[in-house]
Amino acid sequence: MAKIVDPDQLNQDYEVYINEGTKEIFLDEAGNLDNTSPGKTSGVTLQALYSFLKEEWMTDSNLNKFKFPFKALTKFKFDFQNGWSFSDTSAGDLTIEMIRDAGWKDLDGKEYACIISLGDIHNPAADQAYYQQVAGFDQTTLDFDKTGELNEAILTYDGTSIDYRDFLKIFIREQGKTYLEGNLILDQGWATIEYDAYRMPLYNIVDPNIATADVTIDTTLPYTAMFIDYLRGNLFETWDIGTTYGTDDVVQGSDGRWYRCLVSASIAEDPATSGASSDWESYPGEREIGSGNWYAFNRIVDAGGPSAPGDLVEIYEFIQRQLRKSTDINSDAAGDAYGTVYGNVAKELAGFIGTTLATKPGVFIDNYDINDQNDMEFYDITVDNNGLDSEDVPLVSTKRTFPFVAAGTMVFSSNLIGAGKYWMYFDEAGSGNVFDSANAIIVNDNGGSPITGTINQANITFDFDYTNNVQGGRTPDENASVWIVALDLLYAEWTATQFLITKVTGLTFNVNAPDERVYAT
């Protein structure tokens, strides 16, 4: 059946019961009226019920002796009047469950708001939306009465002490599907939640980046090595000598690094100076992206490295799993004492844009596989833009990406493994720095260390700052022709093989040396 919008589909003493003695109205799930999920396709609009009652008061001489139950402010907002109410029995509860498209106020002061979702829920028969009525990441939630698309009333004020009119968030988070949440006050700019109808986007689809079951994520590596850390901090401004700072205010010092205030006072010392240590500490959420560029973040996801980090999909699967838990997901790994964060009310942390994993504002990912770095985008807390909102999310966030890091694996023949050594040289870096000359230059890795060492295993990985490496006058952000030199005294001849480092990851350089047959110790 469909939602009733026509009063002609309602009948007294069948779908609608009116008790003149107690001045109570209640609905019955009978005839044209049903109470099935989803709410958008069942129940009856309060406008239709109001119109039906007017018609009954017009034609029923017994009812006409009594004052009318409702005052209609709009078709979405009604007041009970003249001593009337919905029944306070279980029939009354069922009645409230079946009212659609409007909010109302009882004579005892109770207020109900109607929440209507916009968009399609993937599986209306099973996908369960829920809501939060008290601000804070340590607060619990309630399921909506029905699965699927929403159209139902919730109590926002009990008429005495319980008042939820200053906060409402709704969520849809199902395993293997995309997530969405909405904050009625923050997103729509309302001053308060009235007894009215509110429309909020809420929809989901199958998430193509989720393939692993919860039980696997909860019990196996690399997921069990991952964690999330929430950090304290306010302000996020450039340090100024004339400003009075409070405890946990975060500033960027004259050296470009980030610091957090330990005291609440007027502090004249630049936190970058050595004498400021009693007033400031290094902010644990700063991260260097590129050489000497420091940015601030307040939520850190650890991908489980460095020994066996998860790949981008595994990181995302871990994050999404945590955001459906009703338990505390804040590891407090840095000992920052941010507080409890229940996963099912925590802000989203990351999402895929094509094949790129992009963090939400203020989120950074640590200890990931370096081969994934080029497919990651981080959104910071941008300095001097009024810091954070009421949910500790940056008001302004800027995309930050690392310089492109080429990466690959050198694969050595078995006769080189053990005591053999290798060196990677530029074919030519700048003018005159040519391999097979006294000016030959060993290639540095992304961290600035020479790519050379002992061949202790067949596969040895390397990375290279493709964007910024300027060794010997190399032109940055261009392909680099290199030579890998390898030898072992006893088992392998000297060999040199030329390769090309291009702007990709997953490079494979096979280095095969002839067996040594002449060397004598």
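**Figure 1. The hairpin of strand 26 and strand 27 in the predicted model.** F352 lies opposite L357, a residue of strand 27. The two partners, strand 26 (residues 350-353) and strand 27 (residues 356-359), run in the antiparallel sense and are joined over four bridges. Two residues separate the strands of this hairpin, and G354 adopts a positive phi near 65°.

Figure 2. Strand 2 (residues 24-27) pairs with strand 6 in the parallel sense, over two bridges. E24 has S85 of strand 6 as its bridge partner. In general, the strands of a sheet pair through backbone hydrogen bonds, in either a parallel or an antiparallel arrangement.

**Figure 3. The largest pocket and the residues closest to its centre.** The volume of the largest pocket is about 420 Å³. Its lining consists of 21 residues, of which Y368, I370, Q373, F402 and N446 are the closest to the centre. Two elements, strand 23 (286-288) and strand 28 (363-366), each give two or more residues to the lining.

**Figure 4. Composition of the lining of the largest pocket.** By residue class, the lining divides into nine nonpolar, seven polar and five charged residues. Strand 28 makes the greatest contribution to the lining, with three residues.

**Figure 5. The protein chain as the setting for the close-up views.** The predicted chain contains five helices and 39 strands. Its radius of gyration is 33 Å, whereas the globule rule gives 24 Å for 521 residues; the computed value is well over the latter, so the chain is more spread out than a compact globule. Along the principal axes, the C-alpha atoms of the chain fill a box of roughly 120 × 55 × 35 Å.

Definitions and conventions: Residues numbered from 1 in each chain as written. Predicted model: local features only at pLDDT ≥ 70, side-chain atom pairs only at ≥ 80, totals over all residues. Heavy atoms only, no water. 1 Å grid on protein atoms, 1.4 Å probe; cavity = no way out; pocket = protein on both sides within 12 Å on 5 of 7 lines; lining within 4 Å. Points joined across faces, edges and corners; volume = space filled by probe spheres on them. Nonpolar A, V, L, I, M, F, W, Y, C, P; charged D, E, K, R; others polar. Pairing = 2+ DSSP bridges. Rg over C-alpha atoms; globule rule 2.2 N^0.38 Å.
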